[in-house]
Amino acid sequence: MNNAQASGAKKPTTNSEIRAWYKQQIAGIPANDAKLKAQGASLEDRAKAAHEIRHKARVDARQFMGTFESAMLKARDFFKYGRLDGPSFDQLVGEAKKSGLSEAQAYDKIINSSQRTNQAVDNIYAKPQAKL
């Protein structure tokens with residue numbers, strides 16, 4: 001059971017509602033990161049937490065979608081990342097280090113990028129659509 005279903009919240013039913021729900025989940029990352037930082041969590045643990053929130057939101061949002069839309073996004077992820085459900089944490093760290101970043105810089109990049117959504121996908125799903 002995902003967070004929306006567990007909390008008794010209304011399940012989003014249109015792609016625009018699903019995207020809004022997804023963005024709402026992502027919006028909680030900065031506060032969670034600040035809390036972890038205040039608790040003394042390592043930069044690596046904070047990056048892992050940010051990635052996990054984003055990843056879970058991605059997977060849960062796709063469960064809300066229709067089969068076709070979900071399949072299209074999974075195909076995009078497969079061609080972009082080699083995985084159906086987006087990049088793994090280790091994959092993101094590896095890519096950042098390959099581009100010349102230190103491990104700490106890679107973790108910072110993951111925390112920051114986890115808070116941004118894909119503008120092109122936002123634009124596609126921002127328009128009201130029929131119920132799925």
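User: Quick one to start: are Asp122 and Arg19 buried or exposed?

Analyst: Both Asp122 and Arg19 are buried (buried means under 20% relative accessible area, exposed over 50%, partly exposed in between, with a 1.4 Å probe and protein chains only). Keep in mind that this is a predicted model, where local features need pLDDT of at least 70, side-chain atom pairs count only at pLDDT 80 or more, and totals for chains, interfaces and linings use all residues. Residues are numbered from 1 along each chain as its sequence is written, and side-chain values use heavy atoms, with hydrogens and water left out.

User: OK, and how do the side chains of Asp122 and Arg19 meet?

Analyst: In a salt bridge, 2.7 Å from N to O (that is, a side-chain nitrogen of Lys or Arg within 4 Å of a carboxyl oxygen of Asp or Glu). Asp122 sits in helix H8 and Arg19 in helix H2, so the pair ties together parts that are 103 residues apart in sequence. Helices here are DSSP runs of H or I with at least four residues, strands are runs of E with at least two, and both are numbered from the N terminus.

User: How many salt bridges does a search of the whole structure find?

Analyst: It finds 10. One of them joins Asp33 and Arg46, also at 2.7 Å, N to O. Asp33 belongs to helix H3 (residues 29-38) and Arg46 to helix H4, so this pair ties together parts 13 residues apart in sequence.

User: And Lys56, which residue does it form a salt bridge with?

Analyst: Asp60, with the closest N and O atoms 2.8 Å apart. Lys56 and Asp60 are separated by about one helical turn, because they are 4 residues apart in helix H4. Asp60 counts as buried at 5% relative accessibility, while Lys56 is partly exposed at 29%.

User: Zooming out, how many helices and strands are in the protein chain?

Analyst: There are 8 helices and 0 strands. Of the 132 residues in the chain, 36% are buried.

User: New topic: which residues lie nearest the centre of the largest pocket?

Analyst: Arg54, Arg58, Tyr81, Pro87 and Arg116, out of 30 lining residues. On a 1 Å grid over the protein atoms alone, a pocket is an open set of points where a 1.4 Å probe fits, with protein on both sides within 12 Å along at least five of seven lines; lining residues have an atom within 4 Å of a point.

User: Where does the largest share of that lining come from?

Analyst: From H4, which supplies 6 residues.
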